[in-house]
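Thank you all for making the time.

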Amino acid sequence: MNQDDLKRQAAEAALDHVEGGVIGVGTGSTVNHFIDALATVKSRIEGAVSSSEASTARLRQHGIEVLDLNATGELSLYVDGADESNGRLELIKGGGGALTREKIVAAASRQFVCIADESKLVDRLGAFPLPVEVIPMARSYVARELVQLGGTPVWRDGFVTDNGNLILDVHNLQIEAPAELETRINAIAGVVTVGIFALRPADVLILGSAQGPRTLTRP
Ligand SMILES: O=C(CO)[C@H](O)[C@H](O)COP(=O)(O)O
């Protein structure tokens with residue numbers, strides 16, 4: 001099985017958590033498999049809240065109604081991928097640049113089910129460069145502040161988020177205390193969102209593996 005097969009396996013296993021109502025849907029190649037699987041049970045749900053323009057387009061292609069989060073209230077379920085997860089289900093997200101809307105939909109959901117291939121499970125977060133969404137005029141200032149924190153920020157040149165902002169990918173961070181670093185980076189003026197999901201971690205992590213899907217729950 002290749003990595004994409006493992007992503008599809010995790011995505012299909014997440015269907016067990018779909019009980020109806022409006023589902024929050026994340027972004028990325030693993031979530032694309034989830035959207036395709038969700039289409040097979042679409043009569044079970046009332047629609048979806050999407051975390052990106054790309055997921056919105058895919059949901060609509062499948063005839064799944066996309067709703068405004070302002071109109072839905074709390075969601076029972078959010079399904080999304082991750083770039084890294086530790087054993088506490090604290091995540092790094094934002095490889096696809098959709099971290100801000102993803103964090104909003106995760107925060108507005110009772111249960112967050114994260115889907116990934118098993119390579120995403122790590123002992124310590126930070127080998128994957130940490131995405132930070134920034135207001136364009138603050139890019140250089142925020143980069144200098146991130147250097148003060150010990151990181152090496154690299155501007156994702158040419159990429160603009162769905163919100164019209166920029167991404168700095170921060171290399172060389174040893175993330176010992178994810179929630180503290182999330183709070184600290186969020187406090188830098190000009191930062192819209194940092195891709196650490198520790199204050200609101202996942203509740204369930206489904207990992208695709210050669211032995212079949214493996215489910216971890218938050219300790
Ligand atoms: O956070 C994300 C997008 O902003 C994705 O969930 C993350 O990058 C994982 O992507 P993939 O499923 O393609 O490996």
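This is a predicted model: local features need pLDDT of at least 70, side-chain atom pairs count only at pLDDT 80 or more; totals for chains, interfaces and linings use all residues.

Helices α2 (29–38) and α5 (99–107) each supply at least two residues of the shell around the ligand, where helices (H or I, at least four residues) and strands (E, at least two) are DSSP runs numbered from the N terminus. Residues are numbered from 1 along each chain as its sequence is written.

The shell holds 17 residues, of which G28, T30, G81, G95 and G96 come nearest to the ligand; a residue is near a molecule or strand if its C-beta atom, placed from the backbone, lies within 6 Å of it.

Staying with α5, this helix contains E102, which an unreviewed UniProt entry lists under "active site"; such annotations may be inferred rather than shown by experiment. Is E102 buried or exposed? E102 is buried, because 31 other C-beta atoms lie within 10 Å, and the cut-offs are 20 or more for buried, 12 or fewer for exposed, and partly exposed in between, with C-beta atoms placed from the backbone. Leaving aside residues up to four places away in sequence, E102 touches G26, T27, S51, D80 and K93, contact being defined as C-beta atoms, placed from the backbone, within 7 Å.

Let me turn to the sheet, which is open and has four strands in the order β8-β9-β7-β10 with antiparallel pairing; two strands pair if DSSP finds at least two bridges between them. At its edges are β8 (152–155) and β10 (191–194), each of which pairs on one side only. Strand β9 (residues 166–171) is joined to β8 by four bridges in the antiparallel sense, with T152 opposite H171 and P153 opposite V170. Towards β7, five bridges join the antiparallel pair β7 and β9, and V134 has L166 as its bridge partner. Strand β9 is mostly covered, in that five of its six residues are buried.

Finally, α5 also packs on this sheet, touching β7 (130–134) and β10, and its direction makes about 65 degrees with that of β10. Helix α7 (residues 178–186) lies across β7 and β10 and runs at about 165 degrees to β10. For these angles, axes are lines fitted to C-alpha atoms, for helices over the stretch in contact, and the values run from 0 to 180 degrees between N-to-C directions.

Methods
Two residues are in contact if their C-beta atoms, placed from the backbone, lie within 7 Å.
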